[in-house]
Amino acid sequence: MKKLFPSYVRVPLIFAIVFGGMEYFIDSGDKPAFIEYPMVSVFLFVFLFLLVAIEIVVSAVDRVTYHLLTDEQRKQLEEAQSVSFTDSKFVQNLLSKLTRSKPIEQEGELMLDHDYDGIKELDNVLPPWWVNLFYATIIFGVIYLVRFHVMDAYTQAEEFEQEVQLANAELEKMKANSPKEEITLDKVVMLTDEASLAKGKEIFTNACAACHKADGGGIVGPNLTDEFWINGGGIKNVFKLISEGSKNNPSMVAWNKTLESTDIQKVASYVLSLQGTKPAGAKPAEGEKWVEEAAPAETTATATDTLKVAVK
Ligand code: HEC
């Protein structure tokens with residue numbers, strides 16, 4: 001029989017299977033196993049070397065034995081090698097076991113007595129592969145019936161529930177691992193819930209009151225409680241200015257290096273919540289009067305509404 005694959009196919013194929021198997025079974029995180037564990041690389045290298053060495057030795061031995069054969073043996077060998085894989089004894093035996101078909105010369109033995117206007121009928125046996133498959137389905141059916149209809153193992157609905165639970169668990173795990181939510185300029189909306197404003201007030205008292213006064217009336221920094229803004233009012237302008245700092249006056253620094261974007265959103269919302277409080281001793285107005293263009297209902301939202309509004 002001919003060899004199934006030539007060696008230049010066989011070697012890469014076996015190597016690829018072993019390589020794939022190692023990558024599949026060795027848990028190495030994001031990186032491939034042969035980079036994560038140098039021993040794997042060493043093993044693969046040695047394995048490849050051995051494969052090539054074995055091929056070389058086998059073909060050398062083949063060549064030597066060929067020279068030692070008598071002429072008759074060589075002829076036999078060549079004949080055997082010229083038979084293709086599908087004509088080989090092994091495949092032929094397997095096929096006849098699976099089909100139990102009679103060779104065409106012996107079909108006469110199967111002929112039935114009927115003769116329909118010259119059309120004759122053969123009495124072939126059912127092929128064993130088919131009969132056995134049929135028995136297997138019967139056995140499967142009985143086991144299925146007893147398990148799910150007599151013993152009530154689990155229903156499809158329960159199976160579905162279980163899948164959903166698994167998926168939810170995966171989702172929770174993913175959420176826990178994913179980085180914190182980032183608020184960007186186009187996503188930012190004003191927060192009005194108490195918790196966010198309280199957090200905003202805390203940040204303001206610690207970081208901003210020194211220049212803007214605890215009540216926002218202004219000292220070095222301008223009054224934040226009136227409708228007049230140097231850099232524009234509204235949540236987007238205020239968020240942007242606190243994040244990036246003022247270009248006119250370097251004492252108002254960019255806070256995005258010290259504060260999380262979610263905290264800047266809170267403190268910006270708190271600043272805007274001071275509108276119209278008119279604290280005593282506030283600085284006179286600076287800048288221009290700000291008129292909100294969009295309908296106020298659109299630009300304000302609670303923390304839980306953030307996503308909805310941002311999608312709009
Ligand atoms: C070192 C002093 C200083 C600190 C601290 C400071 N600011 Fe300012 N802030 C200023 C000055 C000065 C301006 C005026 C900038 C300008 O003229 O553009 C300003 C401007 C602003 C404006 C824009 C006002 C307008 O009319 O456009 C906002 C809003 C603001 N600050 C909020 C904050 C917040 C929130 C914090 C705390 C996280 C903070 N500031 C901390 C000095 C400060």
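Is Phe134 buried or exposed? Phe134 is exposed, because 10 other C-beta atoms lie within 10 Å. By the criterion used here, a residue is buried if 20 or more other C-beta atoms lie within 10 Å of its own, exposed if 12 or fewer, and partly exposed in between, with C-beta atoms placed from the backbone.

## Basis of the model

This is a predicted model, in which local features need pLDDT of at least 70 and side-chain atom pairs count only at pLDDT 80 or more, while totals for chains, interfaces and linings use all residues. Residues are numbered from 1 along each chain as its sequence is written.

## Domains and the exposed helices

The domain assignment of the protein gives domain 1 (7–82), domain 2 (122–179) and domain 3 (194–292); such bounds come from an automatic or database domain assignment. Between the C-alpha centres of domain 1 and domain 3 the separation is 72 Å.

Phe134 belongs to helix α6 (residues 128–150). Helices (H or I, at least four residues) and strands (E, at least two) are DSSP runs, numbered from the N terminus. Phe134 and Met190 are 56 residues apart along the chain, and their C-alpha atoms are separated by 69 Å. Helix α7 (residues 156–177) has 22 residues and spans 32 Å from its first C-alpha to its last, close to the expected 32 Å; the expected span of a helix is 1.5 Å times one less than its number of residues. Helix α7 is hardly covered, with a count of 0 buried residues among its 22.

## The ligand shell

The shell around the ligand holds 25 residues, of which Cys208, Cys211, Gly221, Ser246 and Met252 come nearest. A residue is near a molecule or strand if its C-beta atom, placed from the backbone, lies within 6 Å of it. The shell divides into 17 nonpolar, 8 polar and no charged residues. In this division Ala, Val, Leu, Ile, Met, Phe, Trp, Tyr, Cys and Pro count as nonpolar, Asp, Glu, Lys and Arg as charged, and the others, Gly among them, as polar.

Helices α8 (194–212), α9 (234–244) and α10 (261–273) each supply at least two residues of this shell. The most come from α8, which gives 6 residues.

Ser196, Gly200, Ile203, Phe204, Cys208 and His212 are the buried residues of α8, and they pack against β1 (190–191) and α10. Contact requires C-beta atoms, placed from the backbone, within 7 Å.

Helix α10 has 13 residues and reaches 18 Å between its first and last C-alpha atoms, close to the 18 Å expected. It is mostly covered, with 10 of its 13 residues buried. Among them are Asp263, Ile264, Tyr270 and Leu272. The cover over the buried residues of α10 includes β1, α8 and α9.

## Two lysines with positive phi

Most residues other than glycine have a negative phi. Lys213, which follows α8, has a positive phi near 75° and lies in the loop between α8 and β2 (228–229). Lys213 counts as buried because it has 20 C-beta neighbours inside 10 Å.

Lys278 also has a positive phi, near 45°, and is found in the loop between α10 and β3 (288–289). Lys278 is exposed, with 12 other C-beta atoms within 10 Å.

Methods: Two residues are in contact if their C-beta atoms, placed from the backbone, lie within 7 Å.
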